[in-house]
Each structure stands twice: as structure tokens, then as C-alpha cells.
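Biologist: Please take a close look at one part of this model, the meeting of its chains, and follow the packing on from there. A plain account with the numbers is enough.

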Amino acid sequence: MSSSTSSSSRSRLGALVTQSLRRNRAHFALSGLGVAVGIATLFFFTALGEGVRTQILERVFVIGQLEVVDPAAEGPSLGGLFGSVGGLDDRLVQRVAELEEVEAVFPKQKLTFPASARGGGSLLGRDLTIEFIADGIPQDLVDEPITDPLGFVDHANPASCSASSPCPAGFQCAGEVCEPAACTPGEDVSASCGAQAYCHAQRRTCAWPIPVIAHPNLIELFNGSLRTALKGSQGIGGQLPRLSETMLVGLEFDLVLGQSFLGRNERAARQTERARLVGFSERAMPMGATLPLSVVQRLNRRYSGDESADTYHSLLVEARSNDQVAPLTRRLTEELGLQLSARHQQAERIGLLISLITLLFNLIALIILGISALNITHTFSMMVLERRAEIGLMRALGAPRRTIHLLVLGEATVVALLSAATGLMLGWLAAYGLDLAFNSLVGDFPFKPDSLFGWQPWMAALGLATALLFCWLGALLPARRAGAISPAAALTAR
Amino acid sequence: MNLVVHNLTRQFHAGEREVTALDAITLTIEGGEFVAIVGRSGSGKTTLLNAIGGLDTDYQGSVTLGGPDAPALHTLSERELAATRQRHLGYVFQQFNLLNHLSAAENVALPSFFGGGLSAANAHQRALNLLDSVGLKHLADARPPQLSGGQKQRVAIARALFAEPDILLCDEPTGSLDRDTGLQILEIFERLNREQGITVILVTHEQHVAARARRRVVLDQGKLVEDVAQTPLTPEVA
Ligand SMILES: Nc1ncnc2c1ncn2[C@@H]1O[C@H](COP(=O)(O)OP(=O)(O)OP(=O)(O)O)[C@@H](O)[C@H]1O
Ligand SMILES: [Mg+2]
């Protein structure tokens, strides 16, 4: 037989399948319904699991990055393979950066002395003084564009100078080091100190506001929880405005260094500095403020000494790719004796929990599909029995057994395609409904996502493949039965 | 195309009982013959036709289609046997066996789904021509429930002729029809036999039908008890 012959008879077989489907519409629809529900369930929960995972793990925690801490600082340590590391210093940063799985290392350091912030009067109607909790991160860790002209840059970082290379605006050359230039408070200093500087009232030198970034979740937290909780209460809490990023960027406030509600630094005198919120970044501390690392190091050196200025509190380690995270984790914890930060341990646990819940519901979907496959076996067997004479006739007219198998499996394929499409649509509709209900019934809360679901193209492919698998499984036995019908049945069956 | 049945024995096991439906039948039918197989109910006529037609190969002995070198049907693979049925054999049944959800033309073209390599359009055209040859062109789009018994049987004959068979196997083709309609169907068989040289093997229990054949084979309790040539009774020309 030529290939054109077989391809033409294959397409004719399709016509035969279509005819039989049209005739037994109700039966096929009924047997496909279960599969559709199963696929809908599978699709729904896979997308939900994926969505929740993305929301929680990738928005609240960042995957692909590890944050490690020195276990000695957090608790008892067993030490790594190569002995306990001597704290998170520049040497260790270098060592981690040289690991092959590592793309980049970003050291972080917290403020190690008491400080408080005072300001906000322009927004809240009255100045507020709060404990200032902050850390410092490398400037290049911030990927978000910083629109404030000050930038997330340490302006007051003294550089060396010589006769040939003078100091930048606002500095003067003292020996070989640049020092802030003198100025007179109250005068216009933009010419002598540069556009971003001001004249520090006590020091009478040019000074630059300390750039501060904050985590966008703080706004959510404020708008979603704090504002709602304080609504109608007395004092300024009762009339808190709804905040937005644009409202806050550029806000200046005073930092009182060396003293706060909680204590007072003995080492150096209390000092007031101006700070400015220059932007929002996912890289900022979730509950606090974040400054350029060099600023924090300089302040820590002044208020807490050299040792705390040279020791980092954690390292943010970026893996070269997501699949390198696991080996990297092993390397960092087992070989270098470091410890994942509590946040990342928590992320791992939550990720596992979501996976387990998704798995559980997918298992339920699989049970539904299994039952549907049995239902298909039953319905198809019944239809094969009903069509005994017809199938016998086809055999008598020259249909080989294989054609009969293909006929029944072809019917199952169409049922699979239709029920997969229906199932995907049902799943999507259910998800849409849940999102709608979620958005209108559940009030604002921090990190509230627009959709609980994470749709991926592979989920549709998975739904289709699963529907095909179960429909074919269900139709296997009926197809064999149909093929076993003797052509003589055409003559004897009445 | 010759048909050689050699020492054919077919037994059925019905629970404890063993029924010998065919008992050592030997028979040769040459191409172009018109044979009537007669016998009482249960004598094995349908069983013999199933064996000849390759619908059943579960027997002792052999059935050979074609020249002396041709393989016996029971030695063929399932595929080869299906292809043999498709190419060489046509079947006409007492109950017509039409598919009610298909039109007359679609019923006639049904064999094209299983071989022959005709396109849908060509198959349809061929079906229309065949319906024309049995005088049913105007009912090509009708469905079987809308047709009379005689019309149904003509559609069935057209279907049997679709793949240009060498042998037409008919099991009580007039059994469900009244006498006059039956005679009209018989005339179609006679014409096919006379004009196209198609071998017609026809099972019947009606004497006036058997009388139209040129050879009469009689079965009784699975045995071949009579095999005679006869002068066909020419019908009164209408
Ligand atoms: N599939 C079967 N299983 C068991 N016994 C069978 C089967 N087919 C036929 N028989 C038996 O074989 C014998 C011959 O049956 P067959 O159908 O060939 O008779 P027949 O001559 O065609 O009869 P009728 O004129 O009634 O159609 C009968 O006794 C019948 O009961
Ligand atoms: Mg019979």
C-alpha cells in the first residue's frame, strides 16, 4: 500500500470517528465530564500552588538568593569542614565570591548603636519620633531606579586628594584627605557645597543627607493594617492618610545618632544628621530602613568601634542559576559552616508546605481522573457491545483489527481533547471566581496579591497530556474488546 | 477466481454439548458460477458461508481462494485476511446490516474506509454510480429507516459491489422480503453473474429461489448430501 493510500485512509478514519461521536454525543459527553472535572481540579490547584508559591516565596522571600549568617553570632556552632570561620569579614566575602556557584555576594551590616528618627510632620501633621532600625547594603544591590536626585549614594565618603586631583564639590583638601568644607548655616550653600548638600548647623561644614531606602511592603503594611487598625482612634492615629511611594520619596527627617528610647551610646557624642528617603526597594530591610553600606560602616566605626565596622551581619549570596541554589546551600552550610538566615529557613519550610498541599489536591484530582477513566472503560465497553453488529460489519467489509482499535482510541482522543479544553476552562473560571471573591470579600492586607494563581503554559500542556493519558487508559480495554469482535458477528448478531 | 473447500469440519462447543455444524465438507466452486446452498434450519449453511467468506477460520480442513498455489485462508495473518475480504469478497445479509445513522450513499461507500485508497469524493461518486446501477440513485441521501426492505437490500448489494468483488456471498438475501421484491433482488444477482462474471453463492431455504441457480448444494446436519448442476428456471419475463 502506498503512503498516500494509508494517509488517505487515516483521514477517512477520522471521519468515521466523527460520525460515531456525533451519533453517541450524550454517552461521550457523560464520559468526558468526569475527565473535565479532574482536569479542572488539577489545573486549579496546580495554578493555585504555583501562585501562592510565587507570591510568598518570590515576593516575600527571594528565591535564587541565599542569606547566610555566622552561626557563632546566632547560636552554638559545630564549625565547618575547614574550621569555623572568623566572623563575616571581607576575607570570607572574598572566599564566598570565589565559589563557582556564586554570581555575586552582597554583605550587609546593621546599625550597632542606638538611633532614632524624628520627622514626618509634613505628612502626619505632627512630628513623630521612632526607634531607628537600619542596615546597610552595597549600593549596587538596589536594582530599582532611584528617582530622587540625591541617589542611593554615600556622598560624604572622603576620598584622597593631591595637587593634581582636587576634591569634589563641598570638600577641601586637608593634607591628602578630602574633608567637608566649612560653611555658614543659613546661607545659600549650593555654590560652595554642591546642589545636594546643606550646611550642618553644629559642625558648620558642608553635609549631605543620608540616603535611605525602604521596603515597599512597609507602605502596604501601613495602608493595610496600621491605618485600618487606628482608624477613628484619638490622636494622630485617627487621621492617618493613605500613603504612596511618590508621596514619600524626598521626605527628609532627622536622625539622632547615639541615643534612642532604648539606650544611649557611651562611646561617642550624640549627633543629629539629616536623612532623606530616596526610594523603595525590595532589597531594603522588611521592617526598618536601609542605608548605603559604607555609611553604616562609617557610623558603626564611630559609635561601636572598628571590629563591628569590619564584621558583617549577613551575606546575601546570589546563585548563578536557580538550580545551583541547592548545591550552593550545601557548600555554604557544610563547607563554610555558615547558617541560612531564619527568613530563608522559614521560606524553605513554607515552600515545602505549599508543595505538600498542592500535591495533596493534585492527588485528589488524580483520583477523580482515575474514577473517570473507569467510567470511560464502562461507557465505552457498553457502546462497543451495542455496536457489536456494526463493528462485525466493518470487519467483514475489510477493517483489520488495528483499525477497530484506532477507531475506539480515536473516540477516546476526541473525548480527551474536548474534556481537557472544558476542564481548563472550568478551572480557569473557578480561579477567576475565587480571585473575584477574594478581592471583594477579603479586606486589604499587606502583600495582598492581585491574583492567587500563577498560570503557566506548561499547565495547559499538562492538562492535555493528563486527559489523553486517562482517556486512553480508560479506552484500552474497550478497544481490545472491540478488536476481538469476530466479523462473523455481522451475520449472527441480530 | 476459484474457491476450494477441502474436508471442512466446524464444531461449536455449547456448554457441555458439542455441535458439529459442518462435517467434512469438500467442494469446489469455479469463477463465474451461480450456486444455491440449501438445507433445513440448523443444517450449517451460515457456518459454511462464514468459512468461505473468511469471516471465521476456526475450523479443521481448508478453504482456498484463487489458484492452486494460493494459501489457505486460515494460514493468512489477520491483516491479510481482512485485505482478502476487502478486495475479493462481497457480503449480502438477510438483515441488510446497514448503518442507520449513515445515508444510503455513505453506507455504500463504507468499505472505502478500510482500504482501496479512494478519496472521500471519489468514494462518494462511486457509491452514487452503484446506487444508480441498482436503480436507487434518487435515494442516495435517504437513511435506511426511510427505505423499504427491497430498497435496503439493493443498498446492501451496492455496498457489497463497492470493492469490485470476485465472489458475492449472500445469506438469505430474500429472506426478509416478499416474493416479488425477492425476485427483483434475484434478478440483480443474475445480471451481475451474467454480465460481470461475478461468482454468486446464495444461501436460501426457499425452493423457488434455489431453482434460479445453475448449481444446487444441499446440506443436512452439517453434511453435504447433494451437489447437482441444474438448468436454471428462467423467470417469466415481465
Ligand atoms: N456461534 C455458535 N455457537 C454455537 N453453536 C452454533 C454457533 N453458530 C452455529 N451454531 C450451531 O451450528 C449449527 C449450524 O448453524 P447455522 O447457523 O450454520 O445453521 P443454518 O443452516 O444457517 O440455519 P438457518 O437456516 O436457521 O439460518 C446449528 O446447530 C447451530 O446451533
Ligand atoms: Mg443461517
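**The interface and the helices**

Modeller: Between them, chain B and chain A bury about 2600 Å², and carbon and sulfur atoms account for 65% of that area. The model is a predicted one, and the values below are computed from it. Each side is represented in the contact, with 27 residues from chain A and 27 residues from chain B. On the chain B side, 26% of the area buried against chain A comes from His101(B), Phe113(B) and Phe114(B), more than from any other three residues.

Salt bridges between the two chains number one. Arg395(A) and Glu78(B) form a salt bridge, with 2.9 Å between the closest N and O atoms. Over all chains, the whole structure has 23 salt bridges.

Helix α13 covers residues 388-396 of chain A and helix α14 covers residues 401-441; their axes lie 9 Å apart, at an angle of about 140°. That angle makes α13(A) oblique to α14(A), because only angles over 145 degrees count as roughly antiparallel. The crossing of α13(A) past α14(A) is right-handed.

The side chains of Glu390(A) and Arg23(A) meet at 3.0 Å, N to O, in a salt bridge. Glu390(A) is in helix α13 and Arg23(A) in helix α1 (residues 3-23) of chain A, so this pair ties together parts 367 residues apart in sequence.

Helix α5 (residues 149-161) and helix α6 (residues 179-196) of chain B pack at about 20°, with 10 Å between their axes. At that angle α5(B) is roughly parallel to α6(B), since angles under 35 degrees count as such. α5(B) passes α6(B) in a right-handed crossing. From α5(B) the contact takes Gly150(B), Gln153(B), Arg154(B), Ile157(B) and Leu161(B), and from α6(B) Thr181(B), Gln184(B), Ile185(B), Ile188(B), Phe189(B) and Leu192(B). Six residues of the contact between α5(B) and α6(B) are nonpolar, four are polar and one is charged.

Notes: Residues are numbered from 1 along each chain as its sequence is written. Chains are lettered from A and ligands numbered from 1 in the order in which they are written. This is a predicted model: local features need pLDDT of at least 70, side-chain atom pairs count only at pLDDT 80 or more; totals for chains, interfaces and linings use all residues. Side-chain values use heavy atoms; hydrogens and water are left out. Axes are lines fitted to C-alpha atoms, for helices over the stretch in contact, and angles run from 0 to 180 degrees between N-to-C directions. Helices (H or I, at least four residues) and strands (E, at least two) are DSSP runs, numbered from the N terminus. Angles under 35 degrees count as roughly parallel, over 145 as roughly antiparallel, 65 to 115 as roughly perpendicular and the rest as oblique. A crossing is left-handed if the near helix is turned anticlockwise from the far one by less than a right angle, and right-handed if clockwise. Contact means heavy atoms within 4.5 Å. Buried area is the accessible area (1.4 Å probe) that two parts lose on being put together, summed over both. A salt bridge is a side-chain nitrogen of Lys or Arg within 4 Å of a carboxyl oxygen of Asp or Glu. Ala, Val, Leu, Ile, Met, Phe, Trp, Tyr, Cys and Pro count as nonpolar, Asp, Glu, Lys and Arg as charged, and the others, Gly among them, as polar.
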